[in-house]
2 protein chains.
Amino acid sequence: MNGAASRENLLIVGSLAFDSVETPSGRADMAMGGSASFASIAASYFASPLVVGVVGEDFEDRHIGKFRDHGIDVRGIERVPGKTFHWRGRYHENFKERDTLETALNVFETFDPVIPDAYRSASFVFLANIDPDLQLKVLDQTSDARVVAMDTMNFWIETARESLEKVLRRVDIVFMNDEEALQLTGDWTVLGAARKILAMGPKYVVIKRGEYGALLFGPDLTLFVPAVLLADVVDPTGAGDTFAGGFLGQLSLRGSLDRAHLAEALISGTVMASFSVEAFSVDGICSLGAEKLNSRRSGLEDMIRLR
Amino acid sequence: MNGAASRENLLIVGSLAFDSVETPSGRADMAMGGSASFASIAASYFASPLVVGVVGEDFEDRHIGKFRDHGIDVRGIERVPGKTFHWRGRYHENFKERDTLETALNVFETFDPVIPDAYRSASFVFLANIDPDLQLKVLDQTSDARVVAMDTMNFWIETARESLEKVLRRVDIVFMNDEEALQLTGDWTVLGAARKILAMGPKYVVIKRGEYGALLFGPDLTLFVPAVLLADVVDPTGAGDTFAGGFLGQLSLRGSLDRAHLAEALISGTVMASFSVEAFSVDGICSLGAEKLNSRRSGLEDMIRLR
């Protein structure tokens, strides 16, 4: 496999949802969300994402259309009787904390991911934030993948640790935010936590630190990219999923886990996440031109250029 | 003036103190501290610091000796009857917060900085964290300086804002941590705060973010250097002063405010601060060899090298 720019397939399995969000900047009701939505749209700027997820009858053609507009393969999206997963939350002043006001799993409660035959040859797989038992089911159906990455959240660390550890043993890359990394390992520094997570199985761990940037730890490798500095934030929902989507989209475009490709991936994840938080739902990442992407990317690179 | 490596004089005016500190890693009693101590020892690895400060009779020759050991000019340290400034504090779990248990100003209460004639030609001046009215007095005595930098703290922002703004109008570089920058400006993002601070007078503002690194904002320039990742921390006291000392020591060695020199300065401040927090008092920065400095510095540069 060479590292040239071939658009390899990136399979993304995660949630498809409607989010109702209140932030200090405003509110959005029943807006498109879910880990797979943010991740696949972000990835679509670099790769050809294939999405697997479940929606209810209220997830309309115009919603599916948003994926199609980005060249995302939607054959793996199953529409079933009932309502789509709905999350309602409120962010506090300065976005320091958020409360979940309602989580209605709806059709997501019985989600049993089936990977379509046409998707099984995908060389990159992203297990976005869902129940680790479902992530394991996906792993069993994607044994040909060259690179498998996962995301998770505090809820699974608290309630499904054993399954989560099984997933960790089988993936190449894990994404976590710093609180989750500390919670999972019981360590109090990101360095200590990262070392412990690497010992649990993954080759690489990416620690997302929100406005403070992102760290990547691997064998004899530590990379850091700061977040884009923003004068305003509208809605942080999905920023982590967007980061992972941008990261993996870029990585699958590059085709290997070389140091330089991982650094590119960190940059792309960071840039995509910066656009995501500037609008509600997926609006911030829905129609970005190359000029916008490149300008933010060079600003970021310039900030850490020492000479 | 060329930018070659001439050891220009760096005048540092600040507090000389004894600190009694409890942290999750242990405790130190009546250990050497104060903004001028940390800053001058850190700067001494790059420059020839000249110190102005006041101590009491309990500040012994062995304490002064620590400065002399680092080639620091101590003719500006005045020893007067009474006791040295004493600060006592306690850091909480994971160093997230600290309480001040006691502040005994002692001889520092009547400190009236007089810059010795031999110091007045210093081309770089650092007004370390002291009462802004005293910083103004120093400014009046150092009108030949090419580059003046200042530090401050929340206490002065709350109690001496008018004087502080006068100092800000007269300096080239200001150091603040992120909380102070937000407090001073009423903004809630570092980017917004930095822009407002630049509008108050300084050419450059350096925002110290502790374990999250440091940002430098200037005219058409934003630089960022992450903090060194540490698996253990012993005592964060003086880390900010150490950062400023390393930064200004390196900058005075380089001799100009070129982009590349500012980036070098950020790196040096970051490296020195990382050693500082690994021990109590000034112990972490007292006997560092070139090998240790260079190894940590290249690790840091490697972390943000993209290609």
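1. The model is a predicted one. The same surface serves both copies, since 100% of the contact residues of chain A recur in chain B.

2. The second largest pocket. This pocket holds about 390 Å³ of space. It is lined by 19 residues, and those closest to its centre are L191(A), F217(A), T222(A), L229(B) and M303(B). Chain A supplies helix 7 (190-199), strand 12 (214-218) and strand 13 (221-225), and chain B supplies helix 10 (290-303), as the elements that give two or more residues to the lining. Helix 10 of chain B gives the most, with 6 residues. Sorted by class, the lining comprises 10 nonpolar, 4 polar and 5 charged residues.

3. Helices 6 and 7 of chain B. Two packed helices are described by the angle between their axes and the distance between the axes. For helix 6 (residues 178-185) and helix 7 (residues 190-199) of chain B, the axes come within 9 Å and cross at roughly 65°. The crossing of helix 6 of chain B with helix 7 of chain B is left-handed. Helix 6 of chain B brings D178(B), A181(B), L182(B), L184(B) and T185(B) to the contact, while helix 7 of chain B brings V190(B), A193(B), K196(B) and I197(B). By class, this contact has 6 nonpolar, 1 polar and 2 charged residues.

4. Helices 9 and 10 of chain A. Helix 9 (residues 259-276) and helix 10 (residues 290-303) of chain A have axes 10 Å apart and pack at an angle of about 115°. Their crossing is right-handed. On the side of helix 9 of chain A, the contact is made by E264(A), I267(A), T270(A), V271(A), M272(A), S274(A) and F275(A). On the side of helix 10 of chain A, the residues are K292(A), L293(A), R296(A), R297(A), L300(A) and E301(A). The residues of this contact divide into 6 nonpolar, 2 polar and 5 charged.

5. Helices 3 and 5 of chain A. The axes of helix 3 (residues 132-141) and helix 5 (residues 161-170) of chain A cross at roughly 35° and come within 8 Å. Helix 3 of chain A passes helix 5 of chain A in a left-handed crossing. The contact joins P132(A), D133(A), Q135(A), L136(A), L139(A) and D140(A) of helix 3 of chain A to S163(A), L164(A), K166(A), V167(A) and R170(A) of helix 5 of chain A. Its composition is 5 nonpolar, 2 polar and 4 charged residues.

6. The residue R259(A). In which helix does R259(A) lie? R259(A) belongs to helix 9 of chain A. Although R259(A) and L221(A) are 38 residues apart along the chain, their C-alpha atoms are separated by 8.0 Å. Leaving aside residues up to four places away in sequence, R259(A) touches L221(A) and L223(A), together with D302(B), R305(B), L306(B) and R307(B).

Definitions and conventions
Residues are numbered from 1 along each chain as its sequence is written. Chains are lettered from A and ligands numbered from 1 in the order in which they are written. This is a predicted model: local features need pLDDT of at least 70, side-chain atom pairs count only at pLDDT 80 or more; totals for chains, interfaces and linings use all residues. Side-chain values use heavy atoms; hydrogens and water are left out. On a 1 Å grid over the protein atoms alone, a cavity is a set of points where a 1.4 Å probe fits but cannot get out, and a pocket is an open set with protein on both sides within 12 Å along at least five of seven lines; lining residues have an atom within 4 Å of a point. Grid points are joined across faces, edges and corners, and a volume is the space filled by probe spheres set on the points. Helices (H or I, at least four residues) and strands (E, at least two) are DSSP runs, numbered from the N terminus. Ala, Val, Leu, Ile, Met, Phe, Trp, Tyr, Cys and Pro count as nonpolar, Asp, Glu, Lys and Arg as charged, and the others, Gly among them, as polar. Contact means heavy atoms within 4.5 Å. Axes are lines fitted to C-alpha atoms, for helices over the stretch in contact, and angles run from 0 to 180 degrees between N-to-C directions. A crossing is left-handed if the near helix is turned anticlockwise from the far one by less than a right angle, and right-handed if clockwise.
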